[in-house]
Protein chains: 2
Amino acid sequence: MHEVKAAVLARYKTPARVLKALAHPARLRIVEELARGERCVCELAECVGLGMSTVSRHLGQLRAVGLVEDEKRGAQVFYRLRARCVLNFFECLVALERARRGEEVPHAA
Amino acid sequence: MHEVKAAVLARYKTPARVLKALAHPARLRIVEELARGERCVCELAECVGLGMSTVSRHLGQLRAVGLVEDEKRGAQVFYRLRARCVLNFFECLVALERARRGEEVPHAA
DNA sequence: CGCACATTTGGCCAATTGGCGAAATGTGCA
DNA sequence: TGCACATTTCGCCAATTGGCCAAATGTGCG
């Protein structure tokens, strides 16, 4: 008669996981780099300035939610952006940042 | 000669914080609800099915990154969505979810 | 004032996160 | 085979998160 409470949020778990996968400076940087084309792990490690083991983990998180895909070629593993639509987020994010400074409200939906 | 390493990610810290603020089922639900109009804390607590103290904290996180704003009227505090552009995210998120099931790649940028 | 109500804050706690270096795994080549 | 290289996995650890309840704060009303 009064439960079903926890179930309210079930619908939002997956989208929240995707956002969470994106919600880290290193992973944002990685996504931006992958938007330019496929990259191997050591190239990405170089450009984010972290150890390969750490970057490998970050890539694992992005892959787990389907944002990137990987392909092994020889000794290297190349990652590609699988969901380019997330690039639309950047636009809004920079608008928000500008808004924070300029103290003005962002745009419509 | 070889540092500047940590600084690489500085530019991404703020956008990552915004995404992180959004990256929780309860907060996503709240944002969706606020998209329909302003709501007080107890209404939001009701619709996400969590205690008011918890919801108040979630709102604090959304406010901290500028996604919502609050206005106290009488004993209640009403929250409004300040950056409607985040609603664009939902479209991409549901596309991604569909893609996960249908095993097919989402759309372009 | 004093009570009812709405909200925020503090304390507590279990779970997760993100970094590292070391070790394990995999690939290509001499 | 054996070494060099690329990547992932493991173990460790400090920091953060998210939930609850209780306490503090704020507002309106009688």
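Mentor: Let's start with Y79(A): an N or O atom in its side chain is 2.8 Å from a phosphate oxygen of DNA strand D. That makes a polar contact, meaning a pair of N or O atoms within 3.5 Å; within protein, one must be able to donate a hydrogen and the other to accept it, and residues adjacent in sequence count only if both atoms are side-chain atoms. Please keep in mind that this is a predicted model, where local features need pLDDT of at least 70 and side-chain atom pairs count only at pLDDT 80 or more, while totals for chains, interfaces and linings use all residues. Residues are numbered from 1 along each chain as its sequence is written, chains are lettered from A and ligands numbered from 1 in the order in which they are written, and side-chain values use heavy atoms, with hydrogens and water left out.

The largest share comes from α4(B), with five residues.

Now widen the view. There are 23 residues around DNA strand D, and those that come nearest are M52(A), S56(A), R57(A), Y79(A) and H58(B). Of the DNA strand D atoms that come within 4 Å of the protein, 67% belong to sugar and phosphate. A residue is near a strand if one of its heavy atoms lies within 4 Å of it. By class, the surface has eight nonpolar, ten polar and five charged residues. Ala, Val, Leu, Ile, Met, Phe, Trp, Tyr, Cys and Pro count as nonpolar, Asp, Glu, Lys and Arg as charged, and the others, Gly among them, as polar.

Finally, look at how β3(A) is held in its sheet. Six bridges join β3(A) to β2(A), residues 68–73, and the two run antiparallel; strands pair if DSSP finds at least two bridges between them. One of the pairings is R73(A) with Q76(A). The two strands form a hairpin with two residues between them, and G74(A) in the turn has a positive phi of about 65°.

Notes. Helices (H or I, at least four residues) and strands (E, at least two) are DSSP runs, numbered from the N terminus.
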